[in-house]
Amino acid sequence: MALLGLSTLTHKQDVDAMIRDTLDKVLVLRFGRATDPLCMQLDETLGKSSRELSKFASIALVDVDAQEIQVYLHYFDITLIPATVFFFNSQHMKMDSGTPDHTKWIGAFHSKQDFIDVVETIYKGAMRGKLIVNCPLPADRVPKFELLYKDI
Amino acid sequence: MPDVEVNYDDLNTVAKLQNTPRYHDLMKKVDEAIESGVPATMAKLSEDDPEYQLIVECNTLSVDIDNEIGVIHNYIRDKYRLKFPELESLVQHPIDYARVVKRIGNEMDLTLVDLEGVLPSATIMVVSVTASTTNGKPLAEEVLQKTLDACDRALDLDESKKKVLNFVESRMAFIAPNLSAILGSAVAAKLMGTAGGLSALSKMPACNVQILGVKKKNSAGFSSATLNPHTGFIFHSEIVQGSPPSLRTRAARLVSGKSTLAARVDATMGDRLGQTGRAFREEIQKKIEKWQEPPPPKQPKPLPVPDSDPKKKRGGRRLRKMKERYAMTDMRKLANRMSFNIPEESSLGDGLGEGYGMLGQAGSGKLRISAGPSKLSTKVKKFKEKKYGSSGATSGLTSSLAFTPVQGIELSNPSAQAALLGSGTQSTYFSETGSFSKIKKIV
């Protein structure tokens, strides 16, 4: 992870500070474990694009196994890993990608360009004052998952 | 000062140096100094030291010898012109010229003369060929003798000059320690010799120092494209030749700059130990190493913020012309409008299909509208409107025959009819004379 240049957050106040202090930039928080292979794939995409998006987005990784982070898991209702949540100026940004859950992005991205497109759409929508945007990716590029509702 | 009539016949009136006592003294001293070897005290030749004085004098002497050789060369050339005029343009160097003259002597047939070792073989060939077609005549005996004497004198002087320069070179580390620390004693001695002394060298700008020792003319017929420009002593010195070929010109410039500074230090005797020179040398080597480093790796550029720069809209004639292709046509405009209380016709009749609006109405009876030339198209002049130099007002249709309508011939003027349609400001569908837009005779 040090190779990727992305910081991993384990404490609650770090996450709070990150959300509060990122101004006029999209904040991408990945909730996941570094050891999970799908997580690793997502992490690589995030790391490779972090410098290119540095002018309008900042990216951070949140470790899901830390004790303090469980609050966030509960708040955002994160059950499947990896989950990516987008913020802009401390506002939670939602994205409709055809999946049942609009509040976060589950899974990895198909390619770096897909991720860049998503972040750009979120930025444009947020600058116009929207809180929910439409996903620019076609349906076959969006990873499908089944929403577990109370472990059913 | 009264005009001295120089007697060109006698060499001694022109070439005086060898007869002066100064010359003989100095040569003797040089011989002694060469024999005595390197002085015991390694460093610090002060100005008062007689050895230093000798070296300074040697420098001026070498310049004088050069001048003297030039004078003698002129003398030889003047005499030998009667025999072989083209030789002076083929062999420019005075010493080589003297050697060639000695070998040829009064000979007319150059195949009997062996010029090996004196000239490069290509030049020998050129010389032989030119000699066979020369319009020179053999010289008189005394003239020949004088010429050969002069050649001997020139070669002697050359020998002494070589001796002097060798001596200077051996003492170079004491004369100019900084300069010889950078370039080495041989090259430093050559530079000093060519410049005419250490102080003269120090007064030159660095760009001139770089050029010292460059061989100017190349013989007739040889291309100058392959030879390097501005390659003097410094270019051929060890430190520059040790760098990769692509960096040599840059290195030569760097070295000549630093060596000029070193020469100036030596001329003013600022640093007798040569430390400045060694520091310069290290600096030069470091710089050459740095040039050879690969460039730093390029970081990927971050993407620009979306929608931060508004798109540049273009305008102008070209854009307008392109937009004309998709512009709303007059036909479509008419079809979109309807007049009040007049039902429009439609394609399928009876209100079905596309409506034609005002298109077929107004009694003009035609559904078509002529397209008309676009406002932006370049005007093409009609062929018949050009004047062929018709001088007067007579139109080309007049004839000398006079026909009256009684006789039954009707001549119509087609251009009159076209003028009726003519002006683009009037639109055609309001006109009562139903007109054709083109009138062409069908054969």
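D152(B) has a relative accessible area of 30% and is therefore partly exposed; buried means under 20% relative accessible area, exposed over 50%, and partly exposed in between, with a 1.4 Å probe and protein chains only. K102(B) is also partly exposed, at 39% relative accessibility. These two residues form a salt bridge, with their closest N and O atoms 2.6 Å apart. A salt bridge here is a side-chain nitrogen of Lys or Arg within 4 Å of a carboxyl oxygen of Asp or Glu. K102(B) belongs to helix α5 (residues 94-104) of chain B and D152(B) to helix α7 of chain B, so the pair ties together parts 50 residues apart in sequence. Helices (H or I, at least four residues) and strands (E, at least two) are DSSP runs, numbered from the N terminus.

The model is predicted: local features need pLDDT of at least 70 and side-chain atom pairs count only at pLDDT 80 or more, while totals for chains, interfaces and linings use all residues. Residues are numbered from 1 along each chain as its sequence is written, chains are lettered from A and ligands numbered from 1 in the order in which they are written, and side-chain values use heavy atoms, with hydrogens and water left out.

**Salt bridges**

Over all chains, the structure holds 18 salt bridges. The table lists some of them.

| Pair | Closest N to O |
|---|---|
| D43(A) and R30(A) | 2.5 Å |
| K161(B) and D66(B) | 3.0 Å |

K161(B) counts as buried because its relative accessibility is 18%, whereas D66(B) is partly exposed at 36%. In chain A, D43(A) lies in helix α2 (residues 37-50) and R30(A) in strand β2 (residues 26-32), so their pair ties together parts 13 residues apart in sequence. Both D43(A) and R30(A) are buried.

**Contact between the chains**

Chain A gives 11 residues to the contact and chain B gives 9 residues, contact meaning heavy atoms within 4.5 Å. The two chains bury about 910 Å² between them, 66% of it on carbon and sulfur atoms. Buried area is the accessible area (1.4 Å probe) that two parts lose on being put together, summed over both. R51(A), E52(A) and K55(A) supply 55% of the area that chain A buries against chain B, more than any other three residues. Between chain A and chain B there is 1 salt bridge.

**Aromatic rings and other residues**

There are 8 aromatic pairs over all chains. Rings of Phe, Tyr and Trp (its six-membered ring) pair if their centres lie within 6.5 Å; planes under 30 degrees apart count as stacked, over 60 as edge-to-face and the rest as tilted. Y75(A) and F76(A) form an edge-to-face pair, 5.0 Å centre to centre with 75 degrees between the planes. Y75(A) is exposed at 65% relative accessibility, while F76(A) is buried at 10%. F31(A), Y72(A), Y75(A), F76(A) and F87(A) form one aromatic cluster.

Q210(B) is found in helix α12 (residues 206-211) of chain B and is buried, with a relative accessible area of 12%. Not counting residues up to four places away in sequence, Q210(B) touches G232(B), I234(B), T249(B), A252(B), R253(B) and S256(B).
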